[in-house]
Amino acid sequence: MLLSMIKKSFVEKKKYFTENELSEIAAIAQSSPGAIAINMTALAGYRVMGIAGAIVSAVSAVIPPLIIIAVVSVFYDYIRDNQIVAAALKGMEAGVAAVIVDVVINMYRTVLQRKDAFLSMIVPIAFVLNFVLGINVMFVIPGCIAASLIVMLISKRAGGRGQ
Amino acid sequence: MILWELFYQFFKIGLFSFGGGYAVIPLIREQIVFANGWLSSLEFTDMITISQMTPGPIAVNTSTFTGFRIASIPGSMAATMGCIIPGFIIAVLLYLFFSKHKDNKIVFRILESLKSISVALIASAAGTILLGSILGTETLDFSSMKIEFISLAIFVISFILLRLKKSPMLVICISGGLGILAYGIFGLPA
């Protein structure tokens, strides 16, 4: 969605950068933490005008959702007590749960496509650690990364010896 | 000071949420709902629902909502800035780094691992929402579980629609409509 909008205005209309550069920007934005959309606009801005461009782009991208949610927040308390709204939200809760389960299935499928045993196994392991055993995310993330790097180095060494 | 505290907590969330979109949800649940108690579980789920229905990234929407609940407009700005700054800095640094080292094995492996881990953490958040929605509990405590059949039915219908490639936006609207209908007839659970 955002990608196609950036492509249209930055690549096709203004010709600030090429489509190849845009796909590079998209990949890096996805690899960085936080909101991909914001990272992507920041990098597009960076590519055009350096750090000033990045700041201007990121701030402009944040302003519309910030205003919309601020307005929603103001009315939240009033509408939450309404019976019809409560019933709709209760129904949507189940709908949102389904959306997230669906997202997880699709994301896990792309992980499996890498055909890397450890990267596939890490998903159920990290899930059990966090959800079933209740271990804090701040420990799960560095722990799994360390394990993953160790596995890579060991398999590389084993592979190297075999050659 | 509360504004600094908001900025700092969301900075951590922004720093550790790899994978985009739903990746911020598990960290917000842990830091904002469980560790700091800034939002109740109900508000947390409402907020995700609202984020689904409004434009803009979930990360920005959730940090704005939480910040606003805690400290009004300055709070929403502090939380949102905190949430986007780590990604901003890391994205720019990675861009510079990758322009130089196109294929560093270790960096690549870390990024790949992060993608896998984020799938697990999102599944974990889905688990929490499912427990709250269908079993009326927040933890894996089997004694307090009580199956809410209406929510279960709405979940199943929504899931089938999604697998049939209906858009999430449409499915959430339908689930809201079903909620009004079903709870209008049978009443809301206590």
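This is a short tour of a predicted model, stop by stop, for your viewer.

Before you click, note that residues are numbered from 1 along each chain as its sequence is written, and chains are lettered from A in the order in which they are written. Local features here need pLDDT of at least 70 and side-chain atom pairs count only at pLDDT 80 or more, while totals for chains, interfaces and linings use all residues; side-chain values use heavy atoms, with hydrogens and water left out.

**Stop 1: where the chains meet**

Color chain A and chain B separately. Contact (heavy atoms within 4.5 Å) involves 92 residues of chain B and 82 residues of chain A. Together the two chains bury about 7,900 Å², with 77% of that on carbon and sulfur atoms. Buried area here is the accessible area (1.4 Å probe) that two parts lose on being put together, summed over both. Now select F88(B), Y95(B) and R109(B): they supply 10% of the area that chain B buries against chain A, more than any other three residues.

**Stop 2: a linked trio**

Select K90(A), E93(A) and E148(B), which form a salt-bridge network. From K90(A), one bridge goes to E148(B) at 3.0 Å, N to O, and another goes to E93(A) at 3.7 Å, N to O. K90(A) and E93(A) sit about one helical turn from each other, because they are three residues apart in helix α4 (residues 83-112) of chain A. Helices here are DSSP runs (H or I, at least four residues), numbered from the N terminus. Are K90(A) and E93(A) buried or exposed? Both are buried, where buried means under 20% relative accessible area, exposed over 50%, and partly exposed in between (1.4 Å probe, protein chains only).

**Stop 3: two more bridges across the chains**

Move to D102(A) and R163(B), whose closest N and O atoms are 2.5 Å apart in a salt bridge. This pair joins two chains, since D102(A) lies in helix α4 of chain A and R163(B) in helix α6 of chain B. D102(A) is buried at a relative accessible area of 10%, whereas R163(B) is partly exposed at 28%.

Then pick D116(A) and R109(B), a salt bridge of 3.0 Å, N to O. This one also crosses between chains, from the loop between α4 and α5 (117-132) of chain A to helix α5 of chain B. D116(A) is partly exposed, with 23% relative accessible area; R109(B), at 9%, counts as buried.

**Stop 4: the largest cavity**

Which residues line the largest cavity? Select I141(A), then F16(B), S17(B), F18(B), A23(B), L27(B), L114(B), I117(B), S118(B) and L121(B). The volume is about 60 Å³. On a 1 Å grid over the protein atoms alone, a cavity is a set of points where a 1.4 Å probe fits but cannot get out, and lining residues have an atom within 4 Å of a point. A volume is the space filled by probe spheres set on the points, which are joined across faces, edges and corners. Helix α5 (residues 105-135) of chain B gives the most to this lining, with four residues.

**Stop 5: out in a loop**

Finish at S143(B), in the loop between α5 and α6 (149-163) of chain B. S143(B) counts as exposed, at 69% relative accessibility. From there to Q31(B) is 26 Å in space, C-alpha to C-alpha, and 112 residues in sequence.

Methods: 1 Å grid on protein atoms, 1.4 Å probe; cavity = no way out; pocket = protein on both sides within 12 Å on 5 of 7 lines; lining within 4 Å. Salt bridge = Lys/Arg side-chain N within 4 Å of Asp/Glu carboxyl O.
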